[in-house]
Amino acid sequence: MNKYSGMHNHNVSVSGGGEKTVYNISTGYYHRDGVLRYGPDDNARYTLRTNLSTEVNKYISLDVSANYVGSEVNENAYGTDQIINRLYRSRTRQSLYVPAEDITGQPYNGDLQINAVDIQKNAGEWRRLYESFTGRANLKIKDLVKGLTLDLSGSRNQDYFSSVRNRRTLTWYGRSTNTTRFSIHNPNSTENTKNRGYLNNLQAVATYNFDVLDHHHFTLLGGTSYEEYRKDELTAGAQSMITNDFFSLNYGDPLTKTNGDLIETWAIASYFGRLNYNFQEKYLFEASVRYDGSSRLAHENRWKLFPSFSAAWRLDQEDFLRDNGIFDQLKLRGSWGQLGNGSSLGFYDYIPLLTSGLNVPTSQEDRLVFNNLRTQFLYQRELASAQKTWEVVEQSNIGLDMTFLENRLSFTGDYYVKRNKNMLAALNLPSIIGINVPRFNVGELKSWGWEFDLKWRDKVNDFSYSIGFNLSDNQNELVRFDGRNIINEGHVELLEGYPMNTVWGYKTDGYFQTQEEYDQYKQMVSTPFFPNNAGAGDVKYLDLNGDGVITAGGGTPEEPGDLINYGTTNGRYFYGLNLDFQWKGFDASIFFQGVAKRVFLINEGTLSPMLGTADLPWTIHMDRWTPDNPDAFFPRMYQTSAHNYRPSDRYIQNGAYLRLKNLQFGYTVPLRTASIQKLRVFFSGQDLWEHTDVLRVFDPEVPNNVSATTYPFFRSISFGLNVTF
Amino acid sequence: MKVINISIKAVMLATLIIFFGSCSLDRFPETEFSDQDFWNTENDLKFAANRLYQQLDGVQLDSRADDNVNQTVNLTSNGARSIPSTSGEWSGPYDMIFTANNILEKSERASVTDEVRNGYLAEARFFRAYAYFQLVQRYGDVPLVTKTLDFDSEELQMPRTSKSEIAAQIYEDLDFAKDWLPAFGALPTVDYGRVTKSSAQALKARVGLFLGTFGKYHGESGYEEHLQQAIEAASFVMNQGHELFADYGKLFVNEGDGPANKENIFVKIYGESASNLILGHNYSRDLENGRVAVTRNLIRQYLYEDGLPAYSERNELKANRSSFYIQEGDEERYNSIFDHRDPRLSYTLFRAGEQAYKGPWVPTTTLGSRTGYATKKGFSAVDWQINSAGTTDKILIRYGEVLVIYAEAKYELDGAISDSDLDLTINALRRRVGMNVGLTNAFVANHQLDMLEEIRRERTVELALEGLRYTDIIRWKLAETLLTQHILGAKYNETDWEGADVSNLNLNADGVLVVEAASTRRFDVTKDYLYPVPLNEISLSGGNVVQNPNWK
């Protein structure tokens, strides 16, 4: 693996125009090398944005833009994560190269295992290309009638995706080429996916501003929008190319050719209206309503109405607070509203669909053969759910905005409560149902939290600076869940009366230091997941409920056995600190970010030194229990059993951290020529430092159940140049 | 300007028309077929029924009993298993039951003759019975679901149904299947692999024998009825024209595949070949890597060529034993165990020096086999070539089993069996492999043998490593005796174990490999005869499903 890898980023933009017409064109290129030392592992992105705005006459203005984004990823056909895993974990007895006595003529060894270096260099390439074009036109007609604005816009995003994965056969031999010890990608194959998608968006909005008497300002808005999406995809594959170095569907063995198509469509329509009322910039009210329909729902549940209201009071505009000398601004805000969330619905959930047995792509177990032919079978994979409807998200919010001391100190604070009243969630049903169960509107999730942002900015002579601090908290509770409540060791996503994503584990009390100690414990407590030769150096789990056995009990929060709720994998108390300085040509900014409370688990197979017989322990496992090292971080070495790594207080990670997220220094060269208007050089660093208690091989921002296949964490440092002509 | 104005108005108008004209929200699946448009023709029924064959498990490694071990200890075998939260052993059969119930309900919609329809209903009922039998063997009582359920069905909360009620449903399903499935001789070659009358009745015989003997040895009443069912069903199959495949060794490899082999009654089809792999398994590689390593415990059950045994079914050395028996401490060579033995032993494992997986077999434990024995039964050099590209069909029920079911059920019911019945069953199997001493009432009497033990031995040997041993010792109530003994392997000797490091081998006083010591094995009679019900099934049923006795 590379310890360092390169990255570069270039952007050029041009803008100009006159009084009536302005244009803006920008383009960028980004390239990054990956972590693997050999073979394909890099990605690149190209962007082009253009925009043209023009005022046709005093009534009509037109805005047109066209954007392009292209990105390319080159990866090893074997999959980077699997290569990383093997680089970390292949046994050292597995030599990379074959000894000189070998007569097979190949440089790499793969005896009984794959050879990760050979794979990096020779396992083939997986290229993915994604291109997206967006065109957008907006026509604005205003004041044909005084105060009335019509806004018509249409846009189309069209994208193209191509993936070509060519797997080369690699074979590792024993002492001669007659004895194949291991092989991958046998036979070799190519797998192609192409798709083309579009997203159309049409919107028409009419806005009417009018005043009643002098101080009552109204805005009335009405509109409609329509969005539709369609993706057409074709996949094809073939195996057994004529050579290992040329891949094309044209040359595969016809018997192994596969193909398939996939079409995904959806459409959403909305009608909406809004009324704003503003009295002397002091009292502000807003009421709005939406009526949304989605193709993803059955006819009877398709349309739903979502109202919302908000109000604000600018106290600083009141006579009794005007010129008070403290506040420059003081604003109280409050809102309540409902919105529909349909994006988490499947495309055709309400229709019972049949899966074709000839189109099950990769998994062999999903195939059927009769009479030496691949044979069709049809089945319903999942229950249909015609009852399904919109998730209704209801949010209430109060907030306060203040600025003091001639706008040098500002404060914004908010408190909100959000209820997803019809949350879609997997219904947990007894297996006797015999079919996969879709997500239904079975939950109600309440989430609430607050956030505030405090900022000080000032300028002393040439020195200007600002300091910002923000802190927020978010909690949630699944207040209703008809899917009933099951707990198990580890991560539990949904549990009524608990936050989402709780982590449950046992409580431990160090290690058994002697066999006698274990034997004594065994008299009192049975540990069903222990191997029969458990003993000294194993983790001592505590029988909290005193029933003589270490289990998850009834599997419910009321009967948790010996499990304890250790918190959630969702973070709490996010904070950030931002410092900016400018002095003459110099500028600097420092950004710290942190989370004060979070727990997560590390994958058992990764935490165990040798759960798989092919796994090599990591250097962190050196600190393991032996009679001479009784307080080691890891228990005694044990192969093929993870009994010491069951979720417990011992290995649940405290995911709290503080990190120097970004650091930047710049200097604007005081140079002013005819051709160059501005020249700035800068240094910037990302993720340069952190403080955390997470096991040191992992980054604190990893998701739950992180494993050895995780892409390694990178700190990045960049040097750059901005030139304005 | 006027022109522009007009054209802008036209554009606006057009936009609005498009808006309200085309804003339909109907989107239908274009690459997936709707169930509402299905179930019309015979082909539809066939495609739906094919799902059952696809859900059917084929090759599975089973080291729960004492006859073979995998690379690591089996927690069911050594008594260390715990209650899982969820388990495919519970949910898998219910997935198949859903498929069957769905076919039974929706076939009504097809416009086909009743005869055609019943043929597919019969397949569905066969597989429903097959799935329930898996559940009954593992858990005893389980919820009996005979229709498809929706997410809000009350039946989802149902308690477990008694084993006898499920048995009645299984028998009813299998008799219906027998009435409407084709006879095995009438099955078109292209349909080879689909179930027949023989499959239904052979399964019924297996069910009857299980329930009958389990009932008898675990003190349940009414077991005789099940034994009677077994005998009748086995007799039916014995009149269908099946024949034993001539070569016992080739029966389990590619040569045994296909309709020409009249011994096969129910198989899971793999194919077509490594170069056109549709569905493959890894069994031959599994054998190479010691995932099905024969134990000495199994080898001890094989007869000597004089028709006499050395060990009882309880794995005890018998007082009156074959004179060919060599004390284990005196086995000079690795191959001594093969001397004067039932020929099936040589079909079941490789001799030292015999061409095995990659070359001549040299006893070792380093490549996987923890017993030092190399399993041969089912090894195919063709299948072995490429990982997971084995295409030998997996036999799930064969005629040989029906014969021993008949003999065992007959003896268990009547307490006696005639020489002619023995000749038709046990001795037919012995003749096939050239084991010329037959089992007769006189032979048993002359040598003070136990007829039941010899019938069971025949079953153990004939069907070795075919996935039946664990259920056998459960229904015979021998698990507490057999699973708590040492699991033993080959005997070490310097000559044959070329290059082996003896210091790494755990040998007993006889020089025999101790694979798993008795002290690491346990079997709790009060609970281990049934599987633990997965925790989630109990809590999701609102506690209506209860745990099996003494599991906690």
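A:N115 is buried, with 27 other C-beta atoms within 10 Å. A residue counts as buried if 20 or more other C-beta atoms lie within 10 Å of its own, as exposed if 12 or fewer do, and as partly exposed in between; C-beta atoms are placed from the backbone. The model is predicted: local features need pLDDT of at least 70, side-chain atom pairs count only at pLDDT 80 or more, and totals for chains, interfaces and linings use all residues. Residues are numbered from 1 along each chain as its sequence is written, while chains are lettered from A and ligands numbered from 1 in the order in which they are written.

A:N115 sits in the loop between α1 and α2 of chain A. Helices (H or I, at least four residues) and strands (E, at least two) are DSSP runs, numbered from the N terminus. From A:N115 to A:E516 the sequence separation is 401 residues. In space, their C-alpha atoms are 44 Å apart.

Chain A as a whole contains 4 helices and 34 strands. Its C-alpha trace spans about 95 × 65 × 65 Å along the principal axes. Of the 725 residues of chain A, 24% count as buried. Two residues are in contact if their C-beta atoms, placed from the backbone, lie within 7 Å. Among contacts in chain A with a separation of 6 or more, 65% join residues 24 or more positions apart.

Helix α1 of chain A covers residues 80-89, and its buried residues are A:I83, A:R86 and A:R89. Seen down the axis of α1(A), these residues fall within an arc of 150°, so they line one face of the helix. The arc is that of the directions from the helix axis to the C-beta atoms. An α-helix has 3.6 residues a turn, so residues three or four places apart point the same way. The cover over the buried residues of α1(A) includes β4 (60-76) and α2 (116-122) of chain A.

Further along chain A, strands β7 (residues 170-173) and β8 (residues 180-184) pair in the antiparallel sense over 4 bridges. Two strands pair if DSSP finds at least two bridges between them. A:L170 has A:I184 in β8(A) as its bridge partner. The two strands, β7(A) and β8(A), form a hairpin with 6 residues between them.

Strand β15 of chain A, residues 353-356, is joined to β18(A) by 3 bridges. Here A:T355 stands opposite A:Y379.

The contact between the chains takes 71 residues from chain A and 66 residues from chain B. Several elements of chain B each supply at least two residues to this side, among them α1 (2-22), α2 (42-55) and α3 (88-106). The most comes from α3(B), with 7 residues.

Chain B is divided into domain 1 (39-58 + 85-173 + 534-552), domain 2 (182-269 + 393-461) and domain 3 (270-392 + 486-521). These bounds come from an automatic or database domain assignment. The C-alpha centres of domain 2 and domain 3 of chain B lie 25 Å apart. Their contact takes 22 residues from domain 2 and 20 residues from domain 3. On the domain 2 side, the largest share, 5 residues, comes from helix α16 (residues 451-462) of chain B.

A nonpolar core is a set of buried Ala, Val, Leu, Ile, Met, Phe, Trp, Tyr and Cys residues joined through C-beta atoms within 7 Å. The largest such core has 138 residues; B:F126, B:A205, B:A230, B:A234, B:V402 and B:I405 touch the most other members. Helix α4 (residues 114-139) of chain B gives the most to this core, with 14 residues. A second, separate core of 30 residues includes B:Y283, B:A293, B:A356 and B:A464.
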